[in-house]
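Here is a short report on packing and aromatic contacts. The structure comes first, then the details.

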Amino acid sequence: METKSKNSFTEDMTPAFSFGLPFIFVPLMIIAWIFGGWTILAVPIFGYVIITIFDFLIGTKMIAPKFKPDEDNKKYKIILFAWPPIQLFLIFGSLVAIFSFEHLSFIEAIGLMLVQGLITGAVGIVFAHELMHQKTRFERFLSDLLMGMAIYGHFRTEHVLVHHRHVGTEKDAVTARFGEGFYKFFTRIVPQCFFSAWETEKEMLTKKERPFWDFLNPFYIYFGLSILFLISSFIVGGFLGVLCFFIQAFIAVLHLEVVNYIEHYGLVRQKLENGKFEPTKPHHSWNANHHASNLLLINLQKHSDHHARPNKTYESLQSYDENDAPQLPFGYPLMVLISLIPGLWRKVMDPKVIEWRKKFYPDLTDWGKT
């Protein structure tokens, strides 16, 4: 089934309230707390099935937002600022529902934390990603708060200081190699990203002539927030509460890394004669203009523009067509499911990578030297 494509660009800004789609998860989770059973499945059904259906119905939209004064842009920040306390409410509300209400079975309790992990990953980490690119300490702290709920705080260091600098090269662990399945990618990336972030902060402190244990090291924040949430989970549900928190955090990290896998699979930057790599351009990231899933993920799928211009806020990211950036066949919700089946993934994506090579690098034949 093909999506309907609107090839003409629109210059209007998408209204701020349109990006409030993730807040639908809140009543869905509250219903799941109260009734349990099949209502728990409403979260993945909405996030994966309904959004994908609307991606097909609405299709893609080519949007090149007009610049708006800062006063107008504040409306878009409210959505970001509102989510951290909401996510705290959802996570610990789920723990209270499990350990205080005592009306949920063991299977329902596990299911509840699994779908909470989907929300933490699909919304919380997506919002954290946006916030960690902002200039103010407050916004970066909100990002750390959200990443702490996934016990993955070091992602801020690794993403901003390593991934954006080295994307499309062998120095970037997050760039999925051509032919690499997701499960191999996941087991490789989790330890590599942690040690990459650790070494990066160590090098930065050394340049400032400060020891690694200096309080400027953000790992104090990364570890501290995670420990705080784990202690709070223990207070609510004891060791089982901690286990439940770990379950949702693991699913959140899994969701994060499967999106990382999708965003750059098989794409590389060419090494120039001077030994440096070419600048990051829109064609070094997979792009998706599917409108419904872009609203849910605050334009994360416009990844080509994000990497070309990392300082742009989410509402200002523009669409790219197939002439400027490689296009994913579907929005992230469906692409995530496809990526979990390696054979299907390669059947869908490997021909697209080969097509990308022919289109953007027709003269390059030795891909081992990129």
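Buried means under 20% relative accessible area, exposed means over 50%, and partly exposed lies in between, with a 1.4 Å probe and protein chains only. This is a predicted model: local features need pLDDT of at least 70, side-chain atom pairs count only at pLDDT 80 or more, and totals for chains, interfaces and linings use all residues. Residues are numbered from 1 along each chain as its sequence is written, and side-chain values use heavy atoms, with hydrogens and water left out.

**Aromatic residues**

Phe182 and Phe185 are both buried. Both lie in helix H7 (residues 182-207), 3 residues apart, about one turn of the helix. Helices are DSSP runs of H or I with at least four residues, numbered from the N terminus.

Rings of Phe, Tyr and Trp (its six-membered ring) pair if their centres lie within 6.5 Å; planes under 30 degrees apart count as stacked, over 60 as edge-to-face and the rest as tilted. The structure holds 33 aromatic pairs. Phe182 and Phe185 form a tilted one, with 6.4 Å between centres and 35° between planes. Both belong to one aromatic cluster, which also includes Phe178, Tyr183 and Trp345. Arg357 lies over the face of Phe178, 4.8 Å from the ring centre. Such a charge has NZ of Lys or CZ of Arg within 6 Å of the ring centre and within 35 degrees of the ring normal.

**Helix packing**

Helices H4 (residues 106-132) and H8 (residues 219-264) have axes that come within 7 Å and cross at roughly 40°. Axes are lines fitted to C-alpha atoms over the stretch in contact, and angles run from 0 to 180 degrees between N-to-C directions. H4 and H8 are therefore oblique to each other. Under 35 degrees counts as roughly parallel, over 145 as roughly antiparallel, 65 to 115 as roughly perpendicular, and the rest as oblique.

Contact means heavy atoms within 4.5 Å. Among the H4 residues that meet H8 are Ile110, Met113 and Leu114; the H8 side includes Cys244, Phe245 and Ile247.

In helix H11 (residues 332-339), 6 of the 8 residues are buried, so H11 is largely enclosed by the rest of the structure.

| Helix | Residues |
|---|---|
| H2 | 42-58 |
| H9 | 291-296 |
| H10 | 303-308 |
| H12 | 342-360 |

**A loop residue**

Ala325 sits in the loop between H10 and H11. Ala325 is buried, at 0% relative accessible area. Its contacts include Pro282, His283 and Phe360.

Note on methods:
Helix = DSSP H or I, 4+ residues; strand = E, 2+ residues; numbered from the N terminus. Lists of a residue's contacts leave out its neighbours within four places in sequence.
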